[in-house]
Amino acid sequence: MFCELKAIESNKNGKTSSMSKVKLTAADVYLNKLSLLEDQKFTDVILSCGKNEFKAHKAILVAHSTVFRAMFNSDMKERSANRVEIDDLDYEVVEQMLHFIYTDRTPKVNLMADRLLGAADKYDLVGLKMICEQALCEQLSVDNALQMLALANRYNADHLNSNAKEFVANNIRSVMLRDDWHDKIANFSQTASVLKDGK
């Protein structure tokens, strides 16, 4: 990504002249957006996660998430209190989710893609969900294939679902040799049944 800004000066005769050019690289844009999150200036909402709090900007949250948009456009308590209680995600997940919302990057995605996938699904962060699914696909192994399949079903992750199914089909003998094969199949079937029934 590359952006070039040109400053134009207008004199008394109505003529214009080029003053200078400012070149912004992708790194510059990233750092500018990151500073907005880290400086916490002009924030107007707090995301509370246990004992930790994050100050954020409603406009930025709303621009990236239909869930936040609905939350702040309705009569929900979050709109008037300017506070969102998040009790089902841990501090590090919320931190990385906000990092993505502000910068479109997730530095720790390879370490916590499974947990971030849940956050992406909950707040309808399509870009983050795609990144998490891709990271999980790259981590597929005989040891975790069924777990990935269950994760994909839980969060409606179609890309991960299809890749996990293909991986299991191509490695079915190795997967079935695992000691916990039957337990994982039973857990997966139970999870799929609950999701299907909407319970």
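These are my notebook entries on one predicted chain, from the overall fold down to single residues.

**Entry 1: ground rules.** I am working with a predicted model, where local features need pLDDT of at least 70, side-chain atom pairs count only at pLDDT 80 or more, and totals for chains, interfaces and linings use all residues. Residues are numbered from 1 along each chain as its sequence is written, and side-chain values use heavy atoms, with hydrogens and water left out.

**Entry 2: the whole chain.** I looked up the secondary structure and found eleven helices and five strands; helices (H or I, at least four residues) and strands (E, at least two) are DSSP runs, numbered from the N terminus. Of the 199 residues, 34% count as buried, where buried means under 20% relative accessible area, exposed over 50%, and partly exposed in between (1.4 Å probe, protein chains only). The accessible surface is about 12400 Å², and carbon and sulfur atoms hold 50% of that; the areas come from the Shrake-Rupley method with a 1.4 Å probe, and for residues only the protein chains shown count as cover. Among contacts with a separation of 6 or more, 49% join residues 24 or more positions apart, a contact being heavy atoms within 4.5 Å.

**Entry 3: the core.** I took the largest nonpolar core next, which has 48 residues. Such a core is a set of buried Ala, Val, Leu, Ile, Met, Phe, Trp, Tyr and Cys residues joined through side-chain atoms within 4.5 Å. Leu47, Leu61, Phe68, Val94 and Ile101 touch the most other members. With residues up to four places away in sequence left out, the contacts of Leu47 include Phe54, Leu61, Phe68, Val84, Ile86, Val94 and Leu98. In soluble globular proteins, nonpolar side chains tend to be buried together.

**Entry 4: the second largest pocket.** I noted a volume of about 160 Å³. A pocket here is an open set of points on a 1 Å grid over the protein atoms alone, where a 1.4 Å probe fits, with protein on both sides within 12 Å along at least five of seven lines; lining residues have an atom within 4 Å of a point. Grid points are joined across faces, edges and corners, and the volume is the space filled by probe spheres set on the points. Among the lining residues are Asp114, Arg115, Lys122, Arg154 and Tyr155. Helices H6 (109-122) and H8 (145-154) each give two or more residues to the lining, and H6 gives the most, with five. By class I have four nonpolar, one polar and five charged residues; Ala, Val, Leu, Ile, Met, Phe, Trp, Tyr, Cys and Pro count as nonpolar, Asp, Glu, Lys and Arg as charged, and the others, Gly among them, as polar.

**Entry 5: Tyr155.** This lining residue sits in the loop between H8 and helix H9 (158-170). Tyr155 is buried at 15% relative accessibility. Beyond four places in sequence, Tyr155 contacts Leu117, Gly118, Asp121 and Lys129. Its C-alpha is 9.4 Å from that of Lys129, 26 residues away in sequence.

**Entry 6: Lys58.** Lys58 is in helix H2 (residues 58-64) and counts as buried at 17%. I listed Asp44, Val45, Phe72, Arg79 and Asn82 as its contacts, again without residues up to four places away. The C-alpha atoms of Lys58 and Asp44 are 6.4 Å apart.

**Entry 7: positive phi.** Most residues other than glycine have a negative phi. Asn82 has a phi near 55°, lies between helix H4 (77-81) and strand S5 (83-85), and is partly exposed at 30%. Asp104 has a phi of about 65°, lies in the loop between helix H5 (91-103) and H6, and is partly exposed at 41%.
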